[in-house]
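Reader: Could you walk me through how to read a few features here? Let's take them one at a time.

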Amino acid sequence: MLFSFLLIVVIGYWLLALLGAFDLDEFDGGEGLLAGFGGVPLSISLSLLIAFTWFASLAGTVLLDDLELSTPSRIGFGAGVVAVALVLGTLGTRVIVVPLRRVFGPAKEPSRRDFIGRAAVIRTSSVTHDFGQAEVAAADGSTAIVDVRQAGQGNLTAGSRVVLYDYDSEGEFFWVESLDI
């Protein structure tokens, strides 16, 4: 019954969206928790989740109705059906959403400034105010060797962990500070 109500809400949402009652991006929440599964808009991923969960709970309820159970057993098995339906709904949604990531892909082109705030590892023998390189990992897991500089005095050597805190577009290098406190 819970998932049937949610499915009615989803159907109502899509009918109103088709009629132009509101913008499709209105409830997508930007980035963060409400961004949906893996970058796919929240309206699509949540609709899929509710539809798959509703179907799984319906199938589980039909299977449960065929069994002759006492009331306490029926309540216990019913709670199990809800839990399994949520898991199956999440898995089904993930199967559909993963290919959709390509369609909804990143909204902006990657930039060197995306590295700001990321941890890196020094790869040169030392880092000074005019020399140094570090290896940093991007959000997609790939790594890059970038030029880095240290503003003050310090002892940054190969293997030292640093944070990239600013980018100098004129000199095309990052300012770094040691992660060791």
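Reader: What is the relative accessible area of Glu172, and which class does that put it in?

Author: Start with the scale: buried is under 20% relative accessible area, exposed is over 50%, and partly exposed is whatever falls in between, using a 1.4 Å probe and protein chains only. Glu172 has a value of 45%, so it's partly exposed. Keep in mind that this is a predicted model, where local features need pLDDT of at least 70 and side-chain atom pairs count only at pLDDT 80 or more, while totals for chains, interfaces and linings use all residues. Numbering runs from 1 along each chain as its sequence is written, and side-chain values use heavy atoms, with hydrogens and water left out.

Reader: And where is Glu172 found?

Author: Elements here are DSSP runs numbered from the N terminus: helices are H or I with at least four residues, strands are E with at least two. Glu172 is in the loop between S4 and S5. Its phi is positive, at about 55 degrees, although the residue is not a glycine.

Reader: Let's zoom out. How many helices and strands does the chain have?

Author: There are three helices and five strands. Read in sequence order, they give α-α-α-β-β-β-β-β. Of the 181 residues, 27% are buried.

Reader: Back to Glu172. Which residue does it form a salt bridge with?

Author: In general, side chains of opposite charge can pair when their charged atoms come close. The rule used here asks for a side-chain nitrogen of Lys or Arg within 4 Å of a carboxyl oxygen of Asp or Glu. Glu172 pairs with Arg112, their closest N and O atoms being 3.7 Å apart. That links distant parts of the chain, 60 residues apart: Glu172 sits in the loop between strand S4 (161-168) and strand S5 (173-178), and Arg112 in the loop between H3 and strand S1 (119-122). Arg112 has 43% relative accessibility, so it is partly exposed.

Reader: How many salt bridges does the count come to by this rule?

Author: Three. Another one joins Glu135 and Arg123, at 2.9 Å from N to O. Glu135 is in strand S2 (residues 133-137) and Arg123 is in the loop between S1 and S2, so this pair ties together parts 12 residues apart in sequence. Both count as partly exposed, Glu135 with 25% and Arg123 with 45%. Then there's Arg74 with Asp65, at 2.7 Å, N to O. Arg74 is partly exposed at 32%, as is Asp65 at 46%.

Reader: Now the helices. At what angle do the axes of H2 and H3 cross, and how close do they come?

Author: Two packed helices are described by the angle between their axes and the distance between the axes. The axes are lines fitted to C-alpha atoms over the stretch in contact, and angles run from 0 to 180 degrees between N-to-C directions. Helix H2 (residues 42-65) and helix H3 (residues 71-104) have axes that come within 7 Å and cross at roughly 145 degrees.

Reader: Is that crossing of H2 and H3 left-handed or right-handed?

Author: Call it left-handed if the near helix is turned anticlockwise from the far one by less than a right angle, right-handed if clockwise. For H2 and H3 it's right-handed. The contact of H2 with H3 has 15 nonpolar, 10 polar and two charged residues. For these classes, Ala, Val, Leu, Ile, Met, Phe, Trp, Tyr, Cys and Pro count as nonpolar, Asp, Glu, Lys and Arg as charged, and the others, Gly among them, as polar.

Reader: Which residues make the nonpolar surface patch?

Author: Patch residues have over 30% relative accessible area and no salt bridge; like charges are joined within 9 Å, and nonpolar side chains (Val, Leu, Ile, Met, Phe, Trp, Tyr) within 5 Å. Areas come from the Shrake-Rupley method with a 1.4 Å probe, and for residues only the protein chains shown count as cover. Here Val84, Val87, Leu88 and Leu91 make a patch of about 360 Å². Val84 belongs to helix H3 and is partly exposed, at 49% relative accessibility.
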